[in-house]
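Here are some notes to read with the model open beside you.

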Amino acid sequence: MAYKSARLMDRGVKGILLAAAFLAVAIVFTIGLFILRQALPAFSQIGVFRLLSGTEWRPSQSIFGLLPMILGSLLVTLGAIVMGVPLALGCAILMAEIAPRSITAVIRPAVQLLGGIPSVVFGLFGMRVLVPLIRQIPVPSNTGFSILAASIVLAVMILPTITTVSEDAIRAVSGDYRDASLALGATKWQTIVGVVLPAARSGIVASVVLGIGRALGETMAMIMVIGNSVIIPQPLNDNPLTILLSQARTLTGNIAVEIGYSSGLQTNALYATGVVLFLLTILINSLAHALVKERAI
Amino acid sequence: MRRSSFWMIGIVLVLALAVGCSPTAAPTTAPTAKPSATTQATAAPTAASPTVAPTAAPTAMTGKFTAAGSTSLQPLAETLSEAYMAANMGVEITIQGGGSGVGVKSAQDGTAELGMVSRDLTDAEKPGLMVYTVARDAVVVIVNQDVSVDGLTKAQVRDIFSGTITNWSEVGGPDKPITVVAREEGSGTRTAFEDMVMGKEAVIVANAILQSSNGAILNTVASTPDSISFLSLGYVDKTVKVLSIDGAEANEVNASSGKYPIVRPLSFISKGDATGAVKAFLDWALGPDGQKIVADQGYIPVK
Amino acid sequence: MTTVIHTVGQTRNTSGQVKSCSTSLAHVTSSQYLRDKSNLKSRKLTQQSAFALMWLAGSVAVAVLVAIVGYVVWLGAKVITPDFILQPPRGGMAGDGGISYTLLTTFYLVVLTVGIATPLGVAAATYLVEYAGAIRKHRRLWSRLIGIARLGVETLAGVPSIIFGLFGYALFVSALHFGFSLLSATLAGACLILPVIIRTTEEALRAVPNSYREGGLALGATKWQTIWGIVLPTAAPGIITSIVLSVGRVLGETAVFYVTLGGSYRMPTSIMSSGRTLALHVFYLATETHAFDKAMGTAAILVLAIILINLVINLLARRLNRMMKG
């Protein structure tokens, strides 16, 4: 009798769990489909090409071009990678290969903690410290609200992701490789550069790609430091580096700044912005995924 | 040992759900509920409570509604609703921001009983909506404290915002580039400013720093040297400098006399005629008590 | 030859035992660092400067952390008083008042969000790990569907949070007329952490050795009895970790709630009330008021909460490790 009721319960629970799994997965797919559906009018009325290549975004005149935001997102991400990756890799190599265990025991939790700090705190720091600091650079019409400020904030934000994943990848390299290299007379550094890093390559690249994904997706911290101007970033004077001092707007910022005030086609165009962002991150994540898989084999 | 930790999650979950399912009940038992009563009382302008309470008490209005929309109307609406709720204990008004676009949308689709807009409705928006203008508001041009210019003409303002004038020296200031700060597209304040200052052809320069609320504009101008922007008069404080336009100082007197040129309506809108508690609130807001608060808050009364 | 042996002798101390070199020698022989004796000095110099750079990178990373957290906590600590915590926010450009309602809203939102997402996520993960795995062999279509489901969860875990906000705004705020409310924010937030919970729970369940399940089944327990009595309790620390992780995610999230919660600083009186969380309060204070000190104070409290959560996670992870080993 008890056995029978246990069987019955077994079957009931399985049904409940299946329903939960189904619901969860349904939610996952609803999100994608719903946003796509909301964006469709924008794609059909504005045209995919015009939307992606348009250089102007003036919703009041029904001009919707996402190119400034796409470039804005890419530039801040690039800036973050250039600044963040060397730092993160250095930190990962230090923790995995060089530093004594006692030091690593301090650095690792610190870096992990950095990863958990809410982005709005970084935004606050950027707004109160970085923007006024950058404003001191003597270039005409430099307001401090800039790609540079955004990139620095992002670099700090992606540092933990890249450091942690790279460190894991480096640690995963078999000790035999190191021993063999050292046995051949290589110095420790030569071993790291010539053997360990190449062996951990795909994991390291995956960590960078994950960092890119995080950088592209950041919203609030960007709104706080980048100025949100809808322009294609340009150098402020003859020095091409001053492009870093240009204001910009990111794809994420475009959504957050305007969604509350939007109506009609503008709303649809903002959903289209979401779709572009969605596709971009899926692309990047599947790249990371493929790289991690490759490493596993 | 293992079993006990598993039961722990169970208990946590049950607790979570118990608290989660009764959000309406929880606040009253929470210790922080007390300050809410006291704040409402203190927040209500002293002028309102004594005069309104006796007249409102007999009606004993009850009801619950939401007003959503323009951040320009939001501070005034919050003060009005707090005063009204203090006098009518049975009424509960929730004020939400979002912007004029949200105001129109939420009134149309019923998300909120009242929409708040800080601009005229467009012809496409008008059908089915009733407009109750409770106050008028001057849109003022503000600059950072370090800017030595004190006044501009409307034409100069237009040229600065459209990017024709890019240096303060062109309008009598020092040789410093102008940093234009503006609201994002869709904002009621921006729409009103564009209608009244920029006209049909001129558009606000693309490299303007864009912020998505009145507060953020004030904040940005206060902290960015050589910057200029426009703002609802009700938001202005000592951290920025207000420019006179066409020689008229931006204050309530000039705005109500029509001497100051940039004035726009602040309105509640409802789908069809307002009824019940909503109507009572609007009547009160348009009556002497409400309009006194409007004037006290630095806006221009409509009556 | 003598040089080589000499170097090995030197490095052995730091690298530990030399073992089974033959397996990996092929990878190494192609490298070109077998040079003659004379460049040992320069190689050492390179190593020293390279190591110095790595140390620099590590110190900069830690310095950045200390600088940012220190800056915020230092400035924030000045405004954190009992009054600041117990007074309600009063809004306005001065950002008057404290954060009591904000704390309360944050608490509601965390409890509601995690309360909704956890049962759903844990149940879904349990199905995916304990039941879906067994089907694979006989039903091709079913297993393919499960593969797609997994991919979907995986994908969503990496999608920017503003996308969840956009979804929440479109569905809950607009289409379903929930408005800017705790309800809309809770549902959007639950969607945000659902993939996190499913993934971490899946990992925790997978870490339970199969022998445990076999033991349970061999004793005559049904599958569910085995899962309920053995597998889930064993995976409990991992599952709790996933919950704590989600609490951290909800605490720190701004973008989703910026477009679904409305940002009223009032006391939430019902599930339809608008409100603001701590993170959102930091954003509003920083961008829309002059109360930067209060923004710092609120941020400091947020950071302290995150540090606390990190500690809890570390403790749980340690406990999990011990359980797996013991």
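**Notes on the three chains**

1. Let me start on one helix of chain B. The face of H11(B) turned away from its buried side carries two exposed residues, B:Gly276 and B:Asp283. Here a residue is buried if 20 or more other C-beta atoms lie within 10 Å of its own, exposed if 12 or fewer, and partly exposed in between, with C-beta atoms placed from the backbone. Helices (H or I, at least four residues) and strands (E, at least two) are DSSP runs, numbered from the N terminus. H11 of chain B covers residues 276-286, and its buried residues are B:Ala277, B:Val278, B:Phe281, B:Trp284 and B:Ala285. They cover an arc of only 130° around the axis, so they sit on the same side of H11(B); the arc is that of the directions from the helix axis to the C-beta atoms.

2. A word on what you are looking at. This is a predicted model, in which local features need pLDDT of at least 70 and side-chain atom pairs count only at pLDDT 80 or more, while totals for chains, interfaces and linings use all residues. Residues are numbered from 1 along each chain as its sequence is written, and chains are lettered from A and ligands numbered from 1 in the order in which they are written.

3. Please keep confidence in mind for chain B. The pLDDT, which is the predictor's confidence in each residue from 0 to 100, averages 78 in chain B, and 80% of the residues score at least 70. Over residues 1-59 of chain B, pLDDT stays under 50, and the model has 76 contacts beyond four places in sequence for them. Two residues are in contact if their C-beta atoms, placed from the backbone, lie within 7 Å.

4. Chain B is also assigned domains, with bounds that come from an automatic or database domain assignment. Domain 1 is 63-135 + 264-301, and domain 2 is 138-263. The C-alpha centres of these two domains of chain B lie 26 Å apart, and the contact takes 16 residues from domain 1 and 16 residues from domain 2. On the domain 1 side, helix H5 (74-87) and helix H6 (100-109) of chain B each supply at least two residues. That side divides into five nonpolar, nine polar and two charged residues. In this count Ala, Val, Leu, Ile, Met, Phe, Trp, Tyr, Cys and Pro are nonpolar, Asp, Glu, Lys and Arg are charged, and the others, Gly among them, are polar.

5. Do look at B:Gly99, in the loop between strand E2 (91-98) and H6 of chain B. B:Gly99 is buried, with 32 other C-beta atoms within 10 Å. Leaving aside neighbours within four places in sequence, its contacts include A:Gly260 and A:Tyr261 from chain A, and B:Ser70 and B:Ser187 from chain B. B:Ala68 is 31 residues away from B:Gly99 in sequence, with 7.9 Å between them, C-alpha to C-alpha.

6. Chain A has twelve helices and two strands, in the order α-α-β-β-α-α-α-α-α-α-α-α-α-α along the sequence. Its C-alpha trace spans about 75 × 65 × 35 Å along the principal axes. Of the 297 residues in chain A, 61% are buried.

7. How many residues of chain A are in contact with chain C? The contact involves 86 residues of chain A and 89 residues of chain C. Helix H1 (residues 2-46) of chain A gives the most to the chain A side, with 21 residues. By class, that side has 58 nonpolar, 20 polar and eight charged residues.

8. Chain C has 13 helices and two strands, and 53% of its 326 residues count as buried. The assignment for chain C gives domain 1 (36-76) and domain 2 (82-324), with C-alpha centres 36 Å apart. Their contact takes five residues from domain 1 of chain C and six residues from domain 2 of chain C.

9. In H6(C), C:Ile146, C:Ala149, C:Val153 and C:Leu156 are buried. Seen down the axis of H6(C), the buried residues fall within an arc of 90°, so they line one face of the helix. On the other side of H6(C), C:Arg140, C:Leu141, C:Arg144 and C:Gly147 are exposed.
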